[in-house]
Amino acid sequence: MDSTAFLRHLRSLPLYHNQVAHQQDIPARVARPGVLERPLPPQVEDRLRDLHLLPLYTHQTQALNTLRGGEHVMVSTPSASGKSLVYNLAAIETLVTERGSTALYLFPTKALTQDQWRGLRELAVPHFLDEQEAGAYDGDTPTSERSQIRRRARVVFTNPDMLHMGILPNHAGWARFLRRLRLVVVDEAHTYRGAFGSHVALVLRRLRRLCAAYGAHPRFVLCSATLSNPDELAHKLVGMPCPVVTEDGSPSGGKDFVLWNPPRLPGGRVGRRSANIEAATILTELLRHGVRTLTFARTRKLTELIYLYCRDALRGQGYNDLSQRLRPYRAGYLPEVRREIESQLFQGELLGVVATTALELGIDIGTLDATVLTGYPGSIASTYQQAGRSGRSGERALSFLVGLDDPLDQYFMHHPEALFGKPVENALLNPANPHILRPHLLCAAYELPLAEEERELFGHEITPLIQEQEKAGLLRHQRGRWYPSATLTYPAQGVNLRSTSERAYSVVDTSQGRLLETVEAAVAFLQVHPGAIYLHQGESYMATDLDVSGRVAYVQPTDVNYYT
C-alpha cells in the first residue's frame with residue numbers, strides 16, 4: 001500500500017491533532033537463497049516447484065541441514081519468514097524415506113492447529129500422504145474420529161493440553177504412533193513462557209520418556225518469533241541442547257510503523273482521548289480506502305467495542321457494504337464461528353477484523369496491508385509479532401501503535417528509541433518449580449513407574465518431591481521404582497497447563513435456545529451476572545439468570561445504548 005499517501009490523508013482530516021508522535025521506517029529486505037547439503041527427494045522438489053516455494057531461504061536450508069544431521073533445532077525468525085515450511089519439509093522427507101514413520105505437531109491454540117493442518121494438506125495430500133493418515137486431535141475433534149486417528153494417522157496435529165490430558169495418560173492406545181515417532185514440532189515456542197511454559201516443558205519431558213520406552217528418539221524442531229534467548233528457551237523446553245537458527249533469509253517489503261498518541265482532552269481536563277476510539281477511527285479510514293486491516297485489542301470486551309465503534313461509523317457515513325466486511329474475533333466464540341471468520345479473512349471476503357491476541361500467532365489469514373495495535377501489548381516481542389501480521393505479500397505495509405493514557409505507553413510515545421532501539425525480551429520459564437513439577441511427577445508415574453534415573457530427565461529436585469508424595473500415600477516404592485497408589489486416579493485431570501480457573505460458563509441465548517459462547521469462570525460473576533449487558537458479535541444481550549451449579553448464563557437480546 002502507499003502508506004505515505006494514507007498518512008497524508010489522515011493528517012488532512014479534522015480529527016487530526018498531531019497524533020503522529022513518531023514514524024519509524026523498517027527497511028525492505030531482499031531474499032537470500034540457501035543451499036541444502038544434499039537435494040530433497042525429486043518428488044518433493046517437484047511439488048515445491050509447482051507451488052512456487054523454491055528456492056528455499058538461508059534460514060530454511062540451515063535448519064533442514066541441522067535436522068538431517070540428526071540434531072534438534074530452534075528456528076527463531078520474524079513473522080512470515082516461512083518457518084512452517086522447515087518442519088513440513090522435514091516431516092515429508094521422513095514420511096517419504098522411512099516407511100511407517102510418524103510426526104507430532106504441537107501448537108498453542110486450536111485455531112493454529114486447524115490452520116497448519118490445512119497448510120500441510122495443501123502441500124502433502126495426496127502426493128506424500130493420504131487424507132486419512134493425518135488429522136487434528138484436539139478438543140474440537142469429534143469422538144467418532146478420534147479412534148481412527150489413533151489407528152491410522154502418521155501425522156497428528158494437537159496442542160500441549162491434549163497431549164498432557166488425552167494422549168500421554170493413554171499411551172497404550174498410541175503405542176503404534178509413539179514407537180514410530182521421528183519428528184516433534186513445537187511451533188510458536190515463544191508463547192511457552194512463565195507458568196504455562198514450565199508446564200509444557202514437563203509435558204515434553206513426559207513425551208520423551210514414553211517415546212524412549214517404546215524405542216523412539218524423535219528429533220525436535222522448535223519455531224519461534226524473534227527472541228533474545230532462543231537457545232536457552234529451547235533447551236529448557238525440551239531438556240536438550242538445540243542449535244539455533246536466527247538469521248532470516250526471507251524477503252520483506254518494509255513497513256512504516258507509526259506511534260499514534262491520542263490528543264489531550266479539551267478544556268484543560270486531565271487525560272487523553274480514548275485509545276479505543278482512536279483505533280476505531282484509524283480502522284474506519286483504512287477500510288474506507290480498501291486497506292485490509294487487522295486491529296488488536298487487549299480484552300474481549302474492547303474487541304467488541306472497537307468493532308461496534310467502527311461498524312457504526314461506517315454505517316453513519318453510508319458505507320453499509322463495508323460494515324458487512326468487518327467482524328470481531330476472539331476467544332470464547334464457538335469453534336465453528338472462529339473457523340468461519342478465519343476462512344472469510346483468508347478468502348478475502350472480509351476487509352477488516354478486530355481481534356484479541358488470538359490472531360497474534362501465525363494463522364494464515366492471507367495478505368494484510370495494515371495492523372492497528374490498541375495499546376502497547378506488554379512486550380517488544382509481542383509488538384513486533386502483532387505488527388508482523390501485515391506486509392506478508394512482499395509489499396510495503398503500515399502499522400499503528402495507538403498509545404494508552406498510562407505511563408508505559410506514554411513513555412514509548414515520547415521515547416520511541418526505547419521501543420525500536422532495544423532488543424526483544426527473554427522468554428523465561430522454570431520447569432524445576434516444585435509447585436509445577438510435583439503434579440507432573442504424579443502424571444509421569446501414572447504413565448510409567450518412576451525410576452532413580454529420572455533425575456537426568458526431570459532434574460535432581462525430584463528426590464524430595466517423590467519422597468513427599470510417597471509419604472502422602474500417592475506413590476508406593478517397590479523394587480527401586482515408584483508406582484501410583486490405588487488412590488491416584490488419572491492425575492492429569494488435576495493439572496491445568498494454562499490457568500487455575502474452573503470450568504467455563506456457557507452463555508445461552510434464551511430467545512433462540514442456542515449456545516452463544518463460553519466465559520471463563522474467573523470473570524463470569526463480573527460479566528454475566530443478572531442484569532449485565534453482554535456484547536457478542538456486536539450485539540447486546542442482557543443476562544437474566546446465572547446458574548452457578550450448572551455453569552450456565554442465560555441471556556436475551558436487548559436494545560440499549562450502554563454496556564456493563
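Trainee: What is the volume of the second largest cavity?
Mentor: This is a predicted model, and in it the second largest cavity has a volume of about 30 Å³.

Trainee: Which residues line the second largest cavity?
Mentor: Its lining consists of Leu104, Val156, Leu163, Ile167, Trp174, Phe177 and Leu178. Two elements give two or more residues to that lining, namely helix H7 (160–167) and helix H8 (175–179).

Trainee: How many cavities of 30 Å³ or more does the structure hold?
Mentor: The structure holds two of them.

Trainee: Where does H12 lie?
Mentor: Helix H12 covers residues 300–316 and lies across E19, E20 and strand E21 (539–547). The helix runs at about 70° to E20.

Trainee: What is the order of the strands in the sheet that holds E19, E20 and E21?
Mentor: The order is E19-E18-E22-E21-E20, an open sheet of five strands with mixed pairing. Strand E19 (514–519) and strand E20 (533–536) each have a single partner strand, so one side of each is left without a neighbour in the sheet. From one strand to the next, the twist averages 40°.

Trainee: What holds strands of a sheet together in general?
Mentor: Strands of a sheet pair through backbone hydrogen bonds, and the pairing is either parallel or antiparallel.

Trainee: Then how do E18 and E19 run, parallel or antiparallel?
Mentor: They run antiparallel, and five bridges join strand E18 (residues 505–509) to E19. Val507 stands opposite Glu517 in E19, and Asp509 has Arg514 as its bridge partner in E19.

Trainee: How many residues sit between the strands of the hairpin of E18 and E19?
Mentor: There are four residues between the strands, and in this hairpin Gly513 takes a positive phi near 60°.

Trainee: Which residue has a positive phi although it is not a glycine?
Mentor: His52 does, with a phi of about 60°. His52 is found in the loop between H2 and H3. As background, most residues other than glycine have a negative phi, and most peptide bonds are trans.

Trainee: On peptide bonds, where are there cis ones?
Mentor: One joins Leu54 and Pro55, with omega at about 0°. Pro55 lies in the loop between H2 and helix H3 (58–68). The peptide bond from Val125 to Pro126 is also cis, with omega near 0°, and Pro126 has its place in the loop between helix H5 (110–124) and strand E4 (134–136).

Trainee: Changing topic, how many salt bridges does the structure hold?
Mentor: The structure holds 27 salt bridges. One of them is formed by the side chains of Arg49 and Asp46, at 3.2 Å from N to O.

Trainee: What separates Arg49 and Asp46 along helix H2?
Mentor: About one helical turn separates Arg49 and Asp46, because they are three residues apart in helix H2 (residues 42–50).

Trainee: One last topic: what order does the open sheet of three strands have?
Mentor: The order is E15-E17-E16, with antiparallel pairing. At its edges are strand E15 (450–451) and strand E16 (475–478), each pairing on one side only. E16 and strand E17 (residues 481–484) pair over four bridges, and Leu475 stands opposite Pro484 in E17.

Trainee: Which helix lies across E15, E16 and E17?
Mentor: Helix H20 (residues 462–471) lies across these strands and runs at about 105° to E16.

Terms used:
Residues are numbered from 1 along each chain as its sequence is written. This is a predicted model: local features need pLDDT of at least 70, side-chain atom pairs count only at pLDDT 80 or more; totals for chains, interfaces and linings use all residues. Side-chain values use heavy atoms; hydrogens and water are left out. Two strands pair if DSSP finds at least two bridges between them. Axes are lines fitted to C-alpha atoms, for helices over the stretch in contact, and angles run from 0 to 180 degrees between N-to-C directions. Contact means heavy atoms within 4.5 Å. On a 1 Å grid over the protein atoms alone, a cavity is a set of points where a 1.4 Å probe fits but cannot get out, and a pocket is an open set with protein on both sides within 12 Å along at least five of seven lines; lining residues have an atom within 4 Å of a point. Grid points are joined across faces, edges and corners, and a volume is the space filled by probe spheres set on the points. A salt bridge is a side-chain nitrogen of Lys or Arg within 4 Å of a carboxyl oxygen of Asp or Glu.
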